Amino acid sequence: MNPAEHHRPLETYFDNAIPTQAPVRSGPELSIIVPTFNERENIAELIGRLVVCLGDRSWEVVFVDDDSPDGTADLVREHAVADSRVRCVQRIGRRGLSSACVEGMLATTAPYLAVIDSDLQHDERLLPQMLDILRQGDSDIVVGSRYAPGGDIGDWDARRARMSRFAMRLSRVLVPAELTDPMSGFFMMRRSVLDGSVHRLSAIGFKILTDVFASFPQPLRFKELPYRFRVRRAGQSKLDSVTVWDYVMLLLDKMIGRWIPVRFLAFSIVGAMGVAVHFAVLTLCLQGLHSGFVAGQAVATLCAMTFNYAVNNVLTYRDMRLRGLRWLRGWASFVLACSIGGIANLGVASTVYGLGHGWFPSAFAGILVGAVWNYGVTMMLTWGRARK
Ligand SMILES: Nc1nc2c(ncn2[C@@H]2O[C@H](COP(=O)(O)OP(=O)(O)OP(=O)(O)O)[C@@H](O)[C@H]2O)c(=O)[nH]1
Ligand SMILES: [Mg+2]
């Protein structure tokens, strides 16, 4: 650089950089948030349908992709180059439909926010009507409902219909009874609903609508529009039986999350299952294989730790799940952390016992300290690193 340039007034750089007649476009009125994971085949079709049904309204679509291996984010960006109404938020090392929706909403400025799946199961033709209802001003949120009169769950098999009914019954503790489809993934709301709930949202799992209803400090004024849930157009479903577990965790977080972190609760439930595994393996070693106690105890401890690690990886830390080589590294750090936790457990329990307390409170104190240690350390050491 020319040394004289160091003394050049700052404004002169900008004078050159900014055209005097730069076109200014105001932000859109409606942002449509679409969470995606491996949905490459559905992107063009969804954008095409939004263009048709929203006409000349002021809108944008924000795809929030969790680094799909099929390159969904790259494809969205290709569309965005040609049409500035299309945007992409790409998250790395993260999973989760609800958290994707929240982060997508936060990346926008529109006064109206919609959420819709990418696989065209939701009826996008309802979007203009949803927007008109919100503009009238007497509703906070409009929900696309499969269960309102005129709606339909489509071609679900008996198992899925049962799972949905079960989850719906559970949700009643948190959402108004008149809301027919609290687990709908298709809705539109005012931005004020996001602003009023965002700091309380759990953002766990698949069901962002239940979360919004349970997190907003006042009862929400809502309307429902019936629609028929269509068959997934292309690609694979991400819904599995763990989705129900996630939903239970969401409800628990809403009810007791203020006092106990729900991940800690999940970690403790898995830990209790690990105790059962420990005793089963120990019994097998002692009675089936006639091993010595110390050898049996060592094998049972390792099996229980491995079980706990594997199950926590799938349930408690589903959103940061470790795979492949990272799974092995995570296992090693988990075993190391829990071994130290075991020593802490023993130390605390024997100290409390030595102070003259009975065996039950002493054991309980040891277990509690060990569990908190294991939880805190593995959260940072085993799963915290997954993001890096
Ligand atoms: N960003 C993000 N999106 C996700 C994730 N899991 C699912 N999705 C998206 O969320 C939407 C709903 O997921 P689906 O697998 O279609 O779930 P579903 O509609 O309840 O189930 P199906 O009827 O079997 O399709 C789709 O657009 C998915 O691509 C995730 O972990 N992260
Ligand atoms: Mg779907």
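These are my notebook entries on what I looked up in the structure.

**Entry 1: conventions**

I am working from a predicted model, in which local features need pLDDT of at least 70 and side-chain atom pairs count only at pLDDT 80 or more, whereas totals for chains, interfaces and linings use all residues. Residues are numbered from 1 along each chain as its sequence is written, chains are lettered from A and ligands numbered from 1 in the order in which they are written, and side-chain values use heavy atoms, with hydrogens and water left out.

**Entry 2: overall layout**

I began with the secondary structure and found 13 helices and seven strands in the protein; these are DSSP runs numbered from the N terminus, with helices (H or I) of at least four residues and strands (E) of at least two. The C-alpha trace spans about 80 × 75 × 40 Å along its principal axes. I then looked up burial, and 45% of the 388 residues count as buried, where buried means under 20% relative accessible area, exposed over 50%, and partly exposed in between (1.4 Å probe, protein chains only).

**Entry 3: the surroundings of ligand 1**

Which residues are the closest to ligand 1? I noted Glu39, Arg95, Arg160, Ser237 and Lys238 as the closest of the 21 residues that surround ligand 1, a residue being near if one of its heavy atoms lies within 4 Å. Sorted by class, this shell has eight nonpolar, five polar and eight charged residues; Ala, Val, Leu, Ile, Met, Phe, Trp, Tyr, Cys and Pro count as nonpolar, Asp, Glu, Lys and Arg as charged, and the others, Gly among them, as polar. Strand E1 (30-36) and helix H4 (97-106) each supply at least two residues of the shell.

I next looked up polar contacts, that is, pairs of N or O atoms within 3.5 Å; within protein, one must be able to donate a hydrogen and the other to accept it, and residues adjacent in sequence count only if both atoms are side-chain atoms. Phe37 places a polar backbone atom 3.0 Å from an oxygen atom of ligand 1, while Asp119 has a polar side-chain atom 2.7 Å from an oxygen atom of the ligand. For Arg160, an N or O atom in the side chain is 2.6 Å from an oxygen atom of ligand 1. On its own, ligand 1 has 630 Å² of accessible area, and the protein covers 95% of that area (Shrake-Rupley method with a 1.4 Å probe; for residues, only the protein chains shown count as cover).

**Entry 4: rings and charges**

I counted ten aromatic pairs in the structure, where rings of Phe, Tyr and Trp (its six-membered ring) pair if their centres lie within 6.5 Å, and planes under 30 degrees apart count as stacked, over 60 as edge-to-face and the rest as tilted. Phe213 and Phe222 make an edge-to-face pair, because their ring planes stand at 75°, with the centres 5.6 Å apart. Phe213 is buried at 8% relative accessibility, whereas Phe222 is partly exposed at 22%.

Arg95 lies over the face of Phe37, at 3.7 Å from the ring centre, and Arg146 lies over the face of Phe229 at 5.0 Å; a charge sits over a ring if NZ of Lys or CZ of Arg is within 6 Å of the ring centre and within 35 degrees of the ring normal.

**Entry 5: single residues**

Where in the structure is Asn38 placed? I found Asn38 in the loop between E1 and helix H2 (40-54), with phi near 55°, a positive value in a residue other than glycine, and with a relative accessible area of 26%, which is partly exposed. Ala203 also has a positive phi of about 55° without being a glycine; Ala203 sits in the loop between helix H7 (191-197) and H8 and is partly exposed at 24% relative accessibility.

Ile208 lies in helix H8 (residues 208-215) and is buried, with a relative accessible area of 2%. The C-alpha atoms of Ile208 and Leu97 are separated by 7.9 Å, although the two residues are 111 residues apart along the chain.
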